Amino acid sequence: MSTRRTVLLAGTAALIPPVLWAQAPNVTNTPELYPGERALYEAARKEGMVVSFDTGPTWANWAAQFRAFKARYPDVEIVYNDLGSAATVVALDKARNRPQADTAYYFAASAVDAADKGLVAPFKPVNFDKLPDVFRHPEGRWFTIHSLTIAFVVNTKLVKNVPQSWADLLKPEYRNTIVYLDPRSTGVGQVMTFAANFGNGGDMNNVKPGLDYLGRLHKAGNVLRVLGTTPYAQFVKGEIPIWISYENDGLKAKYTDGLGDAVAVVIPKEASAAAPYAISLVERGPNPNAGKLWLNFVMSDFGQGIFAEGFVRPSVPGIALPASVADKMPAAPQVRPLDVRAAAAKKAEIDQGYVAATGVR
């Protein structure tokens, strides 16, 4: 996740629309989402708040999660900031003796880093055991709450024929059309490299096919530019023909920000990669019960559905997508879950190989 501006917010109840009050009624007079929910809420009420690091409201539908959480647990305030994955680990490390955060959210490679540094605590929330092994720490020091899938986000006003595959992107008709994020400095770029690698016969142990493919893409003259920050606003303004990014960026532009049929979102047919985004309970956080309440909420079937409404795919297998998004995110069996530990072990090789293959400095 790229670095984003820092924000603090508390007391979101005034922002809750009536529909969400109906969807997430107060826990004290409705059925529990999971056994022990009311008891945990009572313990969390005594703490009064949960501090959630790096859950920026415009990312992955966190704003809706905040509203639904506050509606269900009115006596627990939620405070958040928006730091970026790597910066979150740095902040946790600096405050390890007096932690300020209760939970931390990040690209799962940063979660691995936080766990290795002893910054996060073991906790297995609702639905933990349903997650694929590569989407969770065995002790629960981090676990994936949603994934983001690499896709082609295409401006159909600028691109006549929408590409359907990695092979298509090499065609001469796509000269000077493609934008993507730098794999050396961004999480999205790293995941994109593995997606291209999977689509060209590579795997987690062999990244050469993906690097060779990016080299061919550049040599064909089809790359318009490589960026270090997410160019969402540029895409919406019609400045980017083809953006290799996350599926949710395209769906947000298409359905939320009004571009409609001017946007096509394509998961390449050969293969793609699903990037795990994880969350943790912070070691010795100030409000541990409120932290657990928050983590259980976002991992419950209800919380997973809220993520889907923000066009990110739930991490828990078998979660039924809300009717409002089910047809917008069809099944994509060609998508492979990314093993972030294996990916981290390949980071230096990708950095060096990328420069050699593409000539990008």
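Predicted model: local features only at pLDDT ≥ 70, side-chain atom pairs only at ≥ 80, totals over all residues.

Colleague: Which residues of helix 4 are the buried ones?

Modeller: Helix 4 covers residues 85–94, and its buried residues are S85, T88, V89 and L92. Viewed down the axis of helix 4, they fall within an arc of 100°, so they line one face of the helix.

Colleague: Why would residues spaced like that point the same way?

Modeller: An α-helix has 3.6 residues a turn, so residues three or four places apart point the same way.

Colleague: And what is exposed on the other side of helix 4?

Modeller: A86 and K94 are exposed there.

Colleague: Moving on to the core. Which members of the largest nonpolar core touch the most other members?

Modeller: W62 and W294 do, in a core of 110 residues.

Colleague: What does W62 touch, leaving out residues up to four places away in sequence?

Modeller: W62 touches T55, G56, P57, Y105, I145, I279, W294, V298 and F307.

Colleague: What lines the largest cavity?

Modeller: The lining consists of W59, L181, V188, T230, W243, S245, Y246 and D249. By type, they divide into 5 nonpolar, 2 polar and 1 charged. Strand 8 (residues 242–246) gives the largest share of that lining, 3 residues.

Colleague: Which strands supply at least two residues each to the lining of the second largest pocket?

Modeller: Strand 5 (143–155), strand 11 (313–314) and strand 12 (335–337) do. The largest share, 3 residues, comes from strand 12. The lining of that pocket divides into 11 nonpolar, 4 polar and 2 charged residues.

Colleague: Change of topic: backbone angles. What is the phi of D54?

Modeller: D54 has a positive phi of about 70°, although it is not a glycine. D54 sits in the loop between strand 1 and helix 3 (62–72).

Colleague: Is D54 buried or exposed?

Modeller: D54 is buried, with a relative accessible area of 0%.

Colleague: And what about the phi of N127?

Modeller: N127 also is a residue other than glycine with a positive phi, near 70°. N127 lies in the loop between strand 4 (120–121) and strand 5. At 12% relative accessibility, N127 counts as buried, because the cut-off for buried is under 20% relative accessible area.

Colleague: Last one, W142. Where is W142 found?

Modeller: W142 is in the loop between strand 4 and strand 5. W142 is buried, with a relative accessible area of 3%.

Colleague: How many Å separate the C-alpha atoms of W142 and N197?

Modeller: They are separated by 26 Å, and the two residues are 55 residues apart along the chain.

Notes: Residues numbered from 1 in each chain as written. Heavy atoms only, no water. 1 Å grid on protein atoms, 1.4 Å probe; cavity = no way out; pocket = protein on both sides within 12 Å on 5 of 7 lines; lining within 4 Å. Helix = DSSP H or I, 4+ residues; strand = E, 2+ residues; numbered from the N terminus. Nonpolar A, V, L, I, M, F, W, Y, C, P; charged D, E, K, R; others polar. Buried < 20%, exposed > 50% of the residue type's maximum accessible area, 1.4 Å probe, protein only. Arc of directions from axis to C-beta. Core = buried A, V, L, I, M, F, W, Y, C linked by side-chain atoms within 4.5 Å. Contact = heavy atoms within 4.5 Å.
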